[in-house]
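Here is a walk through one protein chain, told residue by residue and element by element. Have the viewer open and follow along.

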Amino acid sequence: MWSSVSGRTRSERAGRSRLGQHFLGSSRLAAQLVADAGVTGDDRVVELGAGRGALTDALAERAAQVLAVELDPKLVSTLAQRYASVRNVAVLRADARETPLPANPYRVLANLPFGVTSDVLRRLFDAPASGLQRADLIVQWQVARARARVNDGPPTDLLGARWGPWWEFRRGRRLPATCFRPRPSVDAAVLVVTRRDRPLLPIASSRRYARFVDRAFRSRADSCELSVDQWVERFRGFG
């Protein structure tokens, strides 16, 4: 069982506004998002960027265990008091870009600060050997659209090629900017990422494959024209 603790963080000089943190404005919407994610009483869920606890409240009603990760000390204090007597919720003061993640199977549900989205995505998906099984992430609409293209055709960027052998991406519910407080300048969407039932490559080859893709993107003009399957074929031929 997780316990409420205070974790090591990166420098806290950057405020919420610079990180692009936008809170869900409706507890009803939070409950719908948790229901969309299909969270059950068997799930251990890490919530990155718990904020004011809208998603935490909904997760507490469904999940077996919830680890609510938040960087802002004032919000952490509020969350810790609120869930002090809730047995399946633990509050961790930590940076979502650095917090230790479980080795055993777990899920992530997160309303990510827009300013750290890329860092958190790399934290979650660069290491397919982790215990992560599924992530439902509220991100900018453009980010969700770009990542979901990986399953529909050739990846549009380096990260799509690197992550594709182990993860599948799809775009979930669109969230208008009016759903958040303060209101962001763009709409958001839920990015749903699931571990492939049958990975295209062994996990043991993930680092070597990442280096292969990195080198290819630096040297080949046609890199963005390849599908994930084509990347895997080239890697196998190279090795």
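A polar atom of the R196 side chain sits 2.7 Å from the backbone oxygen of G164. A polar contact here is a pair of N or O atoms within 3.5 Å; within protein, one must be able to donate a hydrogen and the other to accept it, and residues adjacent in sequence count only if both atoms are side-chain atoms. This is a predicted model, where local features need pLDDT of at least 70, side-chain atom pairs count only at pLDDT 80 or more, and totals for chains, interfaces and linings use all residues. Residues are numbered from 1 along each chain as its sequence is written, and side-chain values use heavy atoms, with hydrogens and water left out.

You'll find R196 in the loop between strand 10 (188–195) and helix 8 (206–219); helices (H or I, at least four residues) and strands (E, at least two) are DSSP runs, numbered from the N terminus. Is R196 buried or exposed? Its relative accessibility is 17%, so R196 counts as buried; the cut-offs are under 20% relative accessible area for buried, over 50% for exposed, and partly exposed in between (1.4 Å probe, protein chains only). Leaving out residues up to four places away in sequence, R196 touches G164, P165, W166, W167, E168 and V228, with contact meaning heavy atoms within 4.5 Å.

## P128, in another loop

P128 belongs to the loop between helix 5 and strand 7. P128 has a relative accessibility of 3%, so it counts as buried. Beyond residues up to four places away in sequence, P128 touches W166, W167, R195, I203 and S206. Along the chain P128 and P202 are 74 residues apart, and their C-alpha atoms are separated by 9.6 Å.

What does the side chain of H22 reach at 2.9 Å? That would be the backbone oxygen of P182. H22 lies in the loop between helix 1 (16–19) and strand 2 (23–24), and counts as buried because its relative accessibility is 17%. Not counting residues up to four places away in sequence, the residues touched by H22 are N111, F114, F180, R181, P182, R183 and P184.

P182 itself is in the loop between strand 9 (180–181) and strand 10. As background, most peptide bonds are trans.

## Strand 6 and its neighbours

Strand 6 (residues 106–111) is mostly covered, with 6 of its 6 residues buried. Y106, V108 and A110 point one way, R107, L109 and N111 the other way, and all are buried. Strand 3 (residues 44–48) runs parallel to strand 6, joined by 4 bridges, and V46 has V108 as its bridge partner in strand 6. Strands count as paired if DSSP finds at least two bridges between them.

Strand 7 (residues 132–140) also pairs with strand 6 in the parallel sense, over 6 bridges, and L132 in strand 7 is the bridge partner of Y106. From strand 6 the chain crosses through helix 5 (residues 117–125) to strand 7 in a right-handed β-α-β crossover (right-handed if, with the strands pointing away from the viewer, the path from the first strand over the helix to the second runs clockwise).

In helix 5, the buried residues are T117, V120, L121, L124 and F125. They fall within an arc of 110 degrees seen down the axis, so they line one face of helix 5; the arc is that of the directions from the helix axis to the C-beta atoms.

Helix 4 (residues 73–82) buries L75, V76 and L79. Their arc around the axis is only 100 degrees, which puts them on the same side of helix 4. K74 and Q81 are exposed on the other side. At the start of helix 4, a side-chain oxygen of D72 comes within 2.9 Å of the backbone nitrogen of K74.

## The cores and the whole chain

The largest nonpolar core has 43 residues, and L48, V108, L124, F125, L137, W167 and W231 have the most contacts inside it. Another core, of 29 residues, lies apart from it and includes A30, F114, C179 and V192. A nonpolar core is a set of buried Ala, Val, Leu, Ile, Met, Phe, Trp, Tyr and Cys residues joined through side-chain atoms within 4.5 Å.

Zooming out, the chain has 9 helices and 10 strands. Of its 239 residues, 49% count as buried.
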